Each structure stands twice: as C-alpha cells, then as structure tokens.
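Here is a short briefing on one protein model. Look at the structure first, then read the points by topic.

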Amino acid sequence: MLRILPLNTLFTRAFILIATLALSACAIFGNPNPPDETKGWSEQRLYAAGQEKMVDRNYDKAIEYFQKLEARYPNGAYATQAQLEVAYAYYKKSEPILCLSAVDRFIKLHPNHPNLDYAYYLKGLATFNERGVLEKYTKQEINDRDPKTLRISFNAFKELVERFPTSRYKNDATQRMIYLVNTLALHEMHVARYYMERKAYVAALNRARYVLETYPNSSSIEDALVMEISAYEAMGLTDLKADSLRVLKENYPDNPLVNGKVQAEEKVWWKFWEELY
C-alpha cells in the first residue's frame with residue numbers, strides 16, 4: 001500500500017536535499033560569496049595593502065583594495081589619493097580606456113587638487129604608446145595608427161604645460177608633445193602619399209596643406225612642400241607650383257628639387273617624393 005508522508009516531513013527532506021546540493025556545488029565550483037578578507041580594515045591598512053600589491057605588480061588586487069578604500073572611507077585622508085592610484089594601476093595594466101576614465105573622474109571631482117598636474121600627465125601617458133593586440137603583433141608604427149588617441153595624449157600634455165608652467169612634469173611633457181606633433185604630421189604625410197600614388201592629387205594636396213598649416217614646426221614641413229609641388233605639377237598648375245617651389249628654395253636650399261639633383265624631364269614627381277622614405 002502506498003505510504004503518504006506527512007507534509008512537514010516532505011518539507012524537511014526537501015530542505016535537506018537542497019542543502020546537500022548547495023554544499024556539493026560549493027565543493028565543486030567554490031563559494032560564490034567568499035568572505036571579505038578586508039572586513040574591518042582601516043583605511044591606512046587598505047592603502048598600504050594596495051601599495052604593496054602595486055610593488056608586486058598585482059594591479060588587479062591593488063585596484064580592488066583602492067576601490068574598497070574609497071567606498072568605505074570616501075572622506076578619509078587616503079580616498080583622493082586612492083583614485084589616482086587606481087588610474088595609475090590601469091595605466092600599468094595597459095588599459096588606456098579605463099585609465100582615462102579614472103583620470104577624468106579625478107579631474108572632474110578635484111579641479112583644484114595639488115596633484116592635478118600629475119593627473120594630466122598620467123592622462124597624456126595613457127594613450128602615448130597605446131596599442132591594440134593586433135598592432136603589437138604586427139609591430140605597427142605609431143604614425144600608421146588612428147591619430148585620435150595621439151591627439152588625446154597631446155592635448156593632455158598641452159593642458160599640463162599651459163596650466164602648470166612650474167610642474168615637475170613640464171619638461172618631459174614638452175618633449176613628448178614635440179614627438180607627438182612630428183608623429184601626427186608623419187601620419188598625415190603617410191596618408192598623402194597613399195593618395196598621391198593613386199593619383200588622387202587634390203586629396204594629397206589637402207593633406208600636405210594641413211601639415212603646413214597645423215604642424216608648422218614639425219619635421220615634415222619640407223616633405224609637405226615637396227608633396228605640394230608634386231600635386232601642383234601633376235594637375236598642371238604651374239603658377240602654384242612655382243610659388244611653392246620658391247618657398248621650398250627659401251627654407252630648404254639643399255633640397256634636391258632646388259639644387260638641381262632631380263632631372264628636369266622627371267614628370268612623375270611623387271616618385272621622387274617617395275624616395276625620401
């Protein structure tokens with residue numbers, strides 16, 4: 001005869017079964033909510049632990065400690081510094097987007113902080129050498145990349161130099177700005193060369209003009225003038241070509257187009273320009 005168990009007995013057995021399954025799952029997959037080792041830690045201890053993990057290059061753990069510090073002690077003595085430490089940890093992890101986000105948050109929250117110059121310096125560094133996995137694998141040159149991140153870097157260094165002329169980071173930021181200007185100009189000339197080789201002369205001319213107008217102190221000015229002359233020659237604009245050639249002669253008298261080392265019958269000017277690289 002079928003035996004019917006009391007309802008309370010069924011609930012008890014079901015509870016035991018569920019508890020057993022839960023314990024088994026924990027044994028297999030681990031506790032989904034492990035105890036917080038930092039419970040009860042002071043802000044000083046959290047900050048010291050974060051610094052220790054930074055030294056060990058365990059940046060994920062350092063970020064965890066610094067973020068917990070800020071969450072638990074938002075008005076503490078270490079909270080603001082912890083925000084900068086998080087940004088620096090993301091920089092060391094080669095996470096430029098997260099680094100920029102953390103730095104921008106710091107700048108917005110603390111517009112008058114005494115370490116604001118460092119925040120801008122770190123923002124400039126975040127994308128100064130930023131590369132994706134594919135770029136690292138192919139060893140892509142910096143001037144071949146999308147210049148957007150380079151401009152972010154340049155603007156951050158520019159802000160630093162202009163707002164904090166006595167900053168300890170000014171000299172290094174200035175040198176990096178010079179490098180970025182030359183690199184951005186090289187990028188434009190790289191694109192101009194692409195257009196010139198495909199006989200898109202107007203597009204090539206526009207890129208050369210952009211370099212001349214936007215990066216007048218860059219190392220690509222001579223090449224931009226040669227490109228301009230090449231485009232005018234290809235389009236049959238002799239008067240404009242002569243004017244650009246005059247500027248080239250005044251500023252770069254040793255250029256092959258000026259000193260006669262280029263054959264007069266050479267008409268495909270972009271081929272000569274290509275030989276400069």
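Residues are numbered from 1 along each chain as its sequence is written, and side-chain values use heavy atoms, with hydrogens and water left out. The protein chain has 14 helices and 0 strands. Helices (H or I, at least four residues) and strands (E, at least two) are DSSP runs, numbered from the N terminus.

**Whole chain**

- Of the 277 residues in the protein chain, 37% are buried. Buried means under 20% relative accessible area, exposed means over 50%, and partly exposed lies in between (1.4 Å probe, protein chains only).
- The protein chain exposes about 17200 Å², and carbon and sulfur atoms supply 54% of that area. Accessible areas come from the Shrake-Rupley method with a 1.4 Å probe; for residues, only the protein chains shown count as cover.
- Take the contacts between residues at least 6 apart in sequence: 55% of them join residues at least 24 apart. Contact means heavy atoms within 4.5 Å.

**Confidence**

- The mean pLDDT of the protein chain is 82, and 75% of its residues reach 70 or more. pLDDT is the predictor's confidence in each residue, from 0 to 100.
- Residues 1-5 stay under 50 in pLDDT, and the model gives them 2 contacts beyond four places in sequence.
- Residues 264-277 are also below 50, with 26 contacts in the model beyond near neighbours in sequence.
- Where pLDDT is low, the predicted coordinates should not be read in detail.

**The nonpolar core**

- The largest nonpolar core has 62 residues. Such a core is a set of buried Ala, Val, Leu, Ile, Met, Phe, Trp, Tyr and Cys residues joined through side-chain atoms within 4.5 Å.
- Helix α9 (residues 170-197) gives the largest share of this core, 9 residues.
- The residues with the most contacts inside the core are F66, V103, A119, F157 and M227.
- Leaving aside neighbours within four places in sequence, A119 is in contact with L84, V103, F106 and I107.

- Helix α3 (residues 59-72) has 14 residues and reaches 20 Å from its first C-alpha to its last, close to the 20 Å expected at 1.5 Å a residue. The expected span is 1.5 Å times one less than the number of residues.
- Y59, A62, I63, Y65, F66, L69 and E70 are buried in α3. They cover an arc of only 165 degrees around the axis, so they sit on the same side of α3. The arc is that of the directions from the helix axis to the C-beta atoms.
- The cover over these buried residues includes α2 (43-55), α4 (79-92) and α5 (96-109).
- Y47 lies in helix α2 and is buried, at 13% relative accessible area.
- Not counting residues up to four places away in sequence, Y47 touches F66, L69, Y78, Q81 and E85.
- Y47 and L69 are 22 residues apart along the chain, yet their C-alpha atoms are separated by 7.0 Å.

- Helix α8 (residues 148-163) has 16 residues, which should span 22 Å; its end C-alpha atoms are 23 Å apart, which agrees.
- In α8, T149, L150, S153, F154, A156, F157, L160 and V161 are buried. They fall within an arc of 160 degrees, so they line one face of the helix.
- These buried residues pack against α6 (116-128) and α9. On the other side of α8, K148 and E162 are exposed.
- Helix α11 (residues 221-235) is mostly covered, with 12 of its 15 residues buried. Among them are D223, M227 and E233.
- Just after α11, G236 takes a positive phi of about 75 degrees.

- Most residues other than glycine have a negative phi.
- R57 is not a glycine, but has a positive phi of about 65 degrees. R57 is in the loop between α2 and α3 and is exposed at 66% relative accessibility.
- S94 has a positive phi near 60 degrees. S94 lies in the loop between α4 and α5 and is exposed, at 51%.

Definitions and conventions: Predicted model: local features only at pLDDT ≥ 70, side-chain atom pairs only at ≥ 80, totals over all residues.
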